[in-house]
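Subject: Structure handover

Hi,

Here is the structure I promised to pass on. Please open it beside this email and follow along.

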Amino acid sequence: MVSIRTILPLLGLATTVYSTALTTLLTPNERLCFYADVDKAGEKIGFYFAVQSGGSFDVDFEIKDPNDKVLLDGQRERQGDYVLTANTVGEYSFCFENDMSTLTDKLVDFDILIESEPRREAPAKPGQLQEQTDELQESIYRLNSLLMNIKRTQKYFHTRENRGFSIVKSTQNRLFWYAVFETLAVITMAMLQVYALQTFFTKTARRYRV
């Protein structure tokens with residue numbers, strides 16, 4: 001599991017982010033679970049997933065806390081973007097299941113993010129500096145929100161592109177095999193017609209000879 005820590009100290013403001021972005025392949029009737037540790041109660045858990053290819057682009061998912069309590073689940077979901085509050089310290093599980101499919105693999109792209117944003121009080125100083133500090137903090141939060149929206153939009157279009165490519169590829173394969181079947185059918189019909197004509201003329205010639 002890859003962990004990224006971003007610490008942004010600014011006027012008593014600290015933000016720590018642990019993020020994991022992975023792509024996994026689910027075989028038919030397979031269940032896969034991934035885990036993330038929460039060190040402190042109250043941290044935010046971000047969970048995003050999208051089925052990139054396979055079948056109807058759907059999968060079952062389930063999120064459990066360290067006490068095996070189901071926090072969130074879904075059946076036959078194509079994608080999801082959720083934010084949860086971790087009230088319990090420990091290991092959280094994020095599971096995917098492909099039990100509705102008996103033949104098709106599912107390619108799932110997902111992202112697990114654990115974020116802690118403690119807001120520390122700045123030292124008491126003249127009012128103008130305090131106001132500037134508050135405005136700067138609010139600007140940072142707005143920028144962070146805008147960046148997260150851009151990231152979600154990029155993931156959305158990336159998923160749409162992959163699904164469109166998968167559909168096009170599937171359609172091409174179907175057209176190819178349909179063309180092969182149609183060609184074989186035409187050749188078979190032509191051979192049967194030739195055989196029928198040969199049989200007809202052979203029998204006709206024998207009758208005239210008799």
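Below is what was found in it, topic by topic.

**Confidence first**

Keep in mind that this is a predicted model. The protein chain has an average pLDDT of 77, and 79% of the residues reach at least 70. One is residues 1-15, with 34 contacts in the model beyond near neighbours in sequence. The other is residues 118-124, where the model has nine such contacts. Be careful there. Where pLDDT is low, predicted coordinates should not be read in detail.

**The core**

Which residues have the most contacts inside the largest nonpolar core? They are Ile45, Phe47, Phe49, Phe94 and Phe96, in a core of 20 residues. In soluble globular proteins, nonpolar side chains tend to be buried together.

Now click on Phe47. Leaving out residues up to four places away in sequence, Phe47 touches Phe61, Ile63, Gly80, Asp81, Tyr82, Phe94, Phe96, Asp111 and Ile112.

Strand E3 is mostly covered, with nine of its 11 residues buried. E3 runs antiparallel to E6, and eight bridges join the two.

E4 and E5 pair over five bridges, in the antiparallel sense. Lys64 stands opposite Val70 in E5. As background, strands of a sheet pair through backbone hydrogen bonds, either parallel or antiparallel.

**The disulfide**

How many disulfides does the structure hold? It holds one. This disulfide joins Cys33 to Cys95, with an S to S distance of 2.0 Å. Cys33 lies in strand E2 and Cys95 in strand E7, so the pair ties together parts that are 62 residues apart in sequence. The torsion about the S-S bond is about 105 degrees, so the disulfide is right-handed.

Are its two cysteines buried or exposed? Cys33 is partly exposed, at 28% relative accessible area. Cys95 counts as buried, at 4% relative accessibility. The cut-off for buried is under 20%.

**Two backbone angles to check**

Most residues other than glycine have a negative phi. Two residues here go the other way. Asn29 has a phi near 60 degrees, a positive value in a residue other than glycine. Asn29 lies in the loop between strand E1 (16-26) and E2. Its relative accessible area is 52%, so Asn29 counts as exposed.

Arg76 also has a positive phi, about 55 degrees, although it is not a glycine. Arg76 is placed in strand E5. Arg76 is exposed too, with a relative accessible area of 57%.

Start with Phe47 and its contacts, then trace the disulfide from Cys33 to Cys95.

Best wishes

Definitions and conventions: Residues are numbered from 1 along each chain as its sequence is written. This is a predicted model: local features need pLDDT of at least 70, side-chain atom pairs count only at pLDDT 80 or more; totals for chains, interfaces and linings use all residues. Side-chain values use heavy atoms; hydrogens and water are left out. A nonpolar core is a set of buried Ala, Val, Leu, Ile, Met, Phe, Trp, Tyr and Cys residues joined through side-chain atoms within 4.5 Å. Buried means under 20% relative accessible area, exposed over 50%, partly exposed in between (1.4 Å probe, protein chains only). Contact means heavy atoms within 4.5 Å. A disulfide is a pair of cysteine sulfur atoms within 2.5 Å. Helices (H or I, at least four residues) and strands (E, at least two) are DSSP runs, numbered from the N terminus. Two strands pair if DSSP finds at least two bridges between them. pLDDT is the predictor's confidence in each residue, from 0 to 100.
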